[in-house]
Each structure stands twice: as structure tokens, then as C-alpha cells.
Amino acid sequence: MARAVKTQRKALNTAIAWGVGLLIFFPILWTILTSFKTEAEAIADPPVWFNFSWTLENYFTVQERSNYFRHFWNSVVISVGSTLIGLIIAVPAAWAMAFVPGKRTKDVLMWMLSTKMLPPVGVLVPLYLIFRDLGLLDTRIGLVFVLTMINLPIIIWMLYTYFREIPSEILEAARMDGAGLREEVLHVLMPMAVPGMASTVLLNIILAWNEAFWTLNLTAAKAAPLTAFIASYSSPEGLFYAKLSAASTMAIAPILIMGWFSQKQLVRGLTFGAVK
Amino acid sequence: MGKITLSQVTKSFGDVQVIPPLDLEINDGEFVVFVGPSGCGKSTLLRLIAGLEDVTSGRIEIDGAEATELPPAKRRLAMVFQSYALYPHMSVRKNIAFPMKMANVPEDEQARRIESAAKALNLTDYLDRKPGQLSGGQRQRVAIGRAIVREPAAFLFDEPLSNLDAALRVGMRLEISELHERLATTMIYVTHDQVEAMTMADKIVVLRAGHIEQVGSPLDLYRAPRNLFVAGFIGSPKMNFIEGQTAAAHGAHTIGIRPEHIEVSATEGLWQGRVAVSEHLGSDSFFHVHDTGLADVITVRASGEIGFRHGDTIFMTPREDQLHRFGADGLRL
């Protein structure tokens, strides 16, 4: 009897989970479906679900009108670049905070996090002017710099959490074994923190890939990543839902595929420390 | 060579001074054990020597050269930790090779030293395993192997056997003693277990609250403890302490007599009491005696099997030549 109730409960929970999952996924599914419709079908009322004439025309049009691969490459350079530079700064910072904390370490961590609460638009004008004067507008290096700064608190926080899980005796053993600071970090700390570092890298690539505020405001054409590519299709001159959907699908596809293949690593990394 | 000298070394954490000014000399090739109850500062002292903690003031010399400010990596010391502290992502071979890799030892020399360390420590079959696949005793051997290959000036052991079960502990104790015989390198060993201290040490340093209470050979400490603390700490079971008239009769505030220095009899003796608990180990028998009028409990150790049971009356006679006399200040008279 108890077992039957348990099975029923499990089935119900499964149904709810799937329901919530589908609800969250629905906008993406709808975007993907719409990208294969004609413009007329895209705005049809009542909406058509699957019984429309599937076409790849939107994709060809989008690629013809704007160079997808150039935007794609910009996105790759900006997200990977900002993540790597972020790591180079964050690993020593997180090491110091995790293993030689001072009286104010907690405050510094909180202060760094608080910068994430600042509305970006508040610093848009000064940053724009600085970028203009330094000739960084519409450059990839400029965007790498901004996104590194924006995501740095998250990288440091995540690495700090992972590093704290590593017993300090192992690092002390490395010191006794003749390792200097550099060897200690490169040969012992980083290899031991690989799962945590991997999820930090993945999450930051995703965040940087999806970042729209700064990429839209600080680029025009040359350095514009995929976010700007999508935005260019939401123009006021017409209702090009199908083309907009095709552009969106092309923009999110790489990160969606990467996220899919690395979901195990991501979940493991994000729950590392929380559930030991 | 591994002569280590500490002069007026102190250590404070914030306002708390855990090591008051301390002087200590450890000679080359000596096996020195730091022993004391938990929190007595023995591990801190070891970490100061290792360089893992900075001294607050004072001087540390290794082989006559100033080492106070040297980082751990430059002190030519090897350390074995209680938790083993192996590198979990490296195989046993790489763990052992790590200090040599840091010292840029040529590859063929590395291989030779790994081979000989593995052979000496029975690790040859496990060289390609990860630490996670080894038992506690094997992990501890790997940690020792990693220390040996450095050919250090001195070995530092921080309670290395605490995580092992009793049987393994005795085995590893012997292995470490043998290692010391073979290498004749200075070893500093921290433990709270006075049996380990007594069996392994050339020289025992008894610590309490960062103070050195006494330094000496195991038998010196056993025969002539300098104060009540050392008397009570060294020896198992503990020395009996008796105050009051009985002590006054010996011209002391407190007298101490070890359980093995009391003769027992069923019929006659100086002191009389009732057996509360009797423990029979076969080789020895321990009796915990109540109602003696001397102290709450008097513990007696007798060789072989002696048939006292709970509730029996027992007569005890201390060996006069083995009595220890202490003054009101706790110091030996």
C-alpha cells in the first residue's frame, strides 16, 4: 500500500517536473519552430504548431543579409577571452582569500559581489566616454576588458568556494616538498580544483556569450557579437518574426549545444561544496 | 646533517601567546619526540621548525645556518602529516617523485630513488595507483616515501599514526624506528601518545601550554620526572599521587609511586584497600583499588595472573626506593 502511494507520488512529481521543464523550454522551442516558418505563418492566428511548410529560407536570408560567422567569431573571442583573463586574475585572488585570509577578506568578497548589484546603466556614460577617448569603441579588446571586469566577482567567488574545499595540509605538503608558490598553484591546487574550474569556465563563457547590455552599447559593426546580430533583426521597420527567430536560433545554438554536453560538469561544479 | 637550534622562539596568534620564549637543541641524528596533551603547542612548535608558521620572535638555526626567515621549501626538511596529505590527482609514483621534480633531480636518478623507497616501504606493487585506492597504512607509507626521497636534513612527523587502527599503529611505529636506525637522520616526531614517545624517542620533550616541562631520555623521564605533570604524563598506567600525612611522613607535599612499584598481597602489607576493578591482560593484571584512605584510587600493576576480583580486600606495599617526592610547588624534591 505504502509502496503504491510512493509510486504514485513519484509519477506525479515526474509529471510536474516535466511540465515545469517544458514551460521553461517553451519559448526556445517556439523560437526554433518559428525559424522554420514563412513570415505569414509566423504571425498566423491561431498559431500553427507543426503543420506548416517547413523551410530553411529564413536561415539563408539571414546569412545573406548579415555575416553570421563574423558575429559568431566575435562572440567566441569575447567570451573565451574574458573568461581566460578573468581566470588569470581570479586564481591568485581566490588562492589568497581561501588560504591566507585576513581580517577583511569577508568584507572584500562582499564588496566585490556588491558591484554586481550596481545597475550597469549607471556607469554607461562615463565608460562610453573613456572607451571613445581610448579608441576602444567597437573593438573586441574593449569588450573583453569590460566583460572580464563584470564577471570577475563571480569567477573569484566560485573559485574561492572550490579552493576552500581543498585541505590546506596538501598545499603545505607541497611547500615542504620544495614547491614555490607558482608550482604549488600550478601542480597541486589547480589540478585538484579541475571540476570547479571547469564549471567556472563554462558558466562564465555562457554569461559572457549572453551579455547584451555592454555588447550592444559599445559595439557597432566590427566587434559586434551574436547579441548584436539578433538585435539587428528586431528593427522597427517590419514584423520579421521568422527571420528574427532564425537569427536567435543561430545565436543561441552554439551555447545551447555546449551547455547540453557539459551539463553534468556544470551541475557537479555548481553543487560542489553545497552537497558534499 | 640535521642539527636544529631554537633560541628564544615565541609564537603568538593575535594577543594569545601559544609559545612563550623557548630554547631547544636537537642534535644531528637524534630521534626527538614532542609529547603533551592536546593544545600544548607541540604541533605549533613543529610547524615553526617547518616554516609553515612564522615565528613571532626568536631564531631558528638549521645546521648552524639562520633559517628563521627561510620559506619551508628552502629548509631541506621533509614532513609527514597526520592526514597523509598526498596529492590525490597523482599516482603513488608521481607523489613520491614530486619533491625530486621540484628539486630538478635528473629523471634516471628519480627513478632509482623511487625504486629503492618503494622497495623499502613495500610499495612496489602500488606505484601506479592513486592514493584513493590505498589503505590508511599504505597511504602513510607513501607519505614517508615522499619524505625519504628528498634526502632531507631532518624528518618532521606530525602525529603520523593517529589515523591508523591500533594493530597497524604498532607496526608502523616499528617501521619508523627501523627507518631511523637505517637512515640515521634527525627526526622530530609529535604525538600525544606517551607510549609512542617512550618506545621511539632518543629524547623526549614534554610540553604543556607551550612550555617545555622536561627534556630527557625516556628512562630519565620515567625514573626522575622533574615535576608532577611529567610524572603523571609519562608512564602507563599513570603514577599514583598521595598527599597528606603519608606524604608528610616522607617529608614531601606529594609522593608518587608507579603502579608497577607496588607489591600486592592478600594477607599483609602497608596499605589496605578494596578492589573496585580488576583488569587481567594475561601478562599483567591491573587493579584499581578504592577505600585506601590515601587517594580516590590507587592503581596497581602485578605481573602475571593474580586472582583478585571485584570487592576483594587487597594489601599493598610500595617499594621505598621507587618513591618520588614532590614539594608543594609540584617540583621534585
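Modeller: What follows starts with the sheet and then turns to the rest of the model.

The model is predicted: local features need pLDDT of at least 70, side-chain atom pairs count only at pLDDT 80 or more, and totals for chains, interfaces and linings use all residues. Residues are numbered from 1 along each chain as its sequence is written, while chains are lettered from A and ligands numbered from 1 in the order in which they are written.

In chain B, six strands make up an open sheet with mixed pairing, in the order 6-7-8-3-9-10. Strands are DSSP runs of E with at least two residues, helices are runs of H or I with at least four, and both are numbered from the N terminus. Two strands pair if DSSP finds at least two bridges between them. Strand 6 (77–80) and strand 10 (211–216) of chain B are the edges; each has a single partner strand, so one side of each lacks a neighbour in the sheet. On average, neighbouring strands of this sheet are turned by 15 degrees against each other, direction ignored. The axes behind such angles are lines fitted to C-alpha atoms, for helices over the stretch in contact, and angles run from 0 to 180 degrees between N-to-C directions.

Strand 3 (residues 31–35) of chain B pairs in the parallel sense with strand 8 (residues 186–191) of chain B over five bridges. One residue pair here is B:V32 with its bridge partner B:I188. Strand 3 of chain B also pairs in the parallel sense with strand 9 of chain B, over four bridges, and there B:F34 has B:V205 as bridge partner.

Strand 9 (residues 203–208) of chain B has five of its six residues buried, so the rest of the structure largely encloses it. Buried means that 20 or more other C-beta atoms lie within 10 Å of the residue's own; exposed means 12 or fewer, partly exposed is in between, and C-beta atoms are placed from the backbone. Strand 9 of chain B runs antiparallel to strand 10 of chain B, with five bridges joining them, and B:L207 stands opposite B:I212. The two strands form a hairpin with two residues between them, and B:A209 in the turn has a positive phi of about 50 degrees.

Elsewhere in chain B, strand 17 (residues 313–318) has a covered face of B:I314, B:M316 and B:P318 and an uncovered face of B:T313, B:F315 and B:T317. In a regular strand, side chains alternate between the two faces of the sheet. Strand 17 of chain B is joined by four bridges to strand 13 (residues 262–265) of chain B, which runs antiparallel to it, and B:I262 stands opposite B:P318. Strand 14 (residues 271–280) of chain B is also antiparallel to strand 17 of chain B, with four bridges; B:Q272 has B:F315 as bridge partner.

Chain A has 14 helices and zero strands. Of its 276 residues, 33% count as buried, and the C-alpha trace of chain A spans about 75 × 70 × 30 Å along its principal axes. In chain A, the axes of helix 4 (residues 68–99) and helix 7 (residues 140–164) come within 6 Å and cross at roughly 40 degrees.
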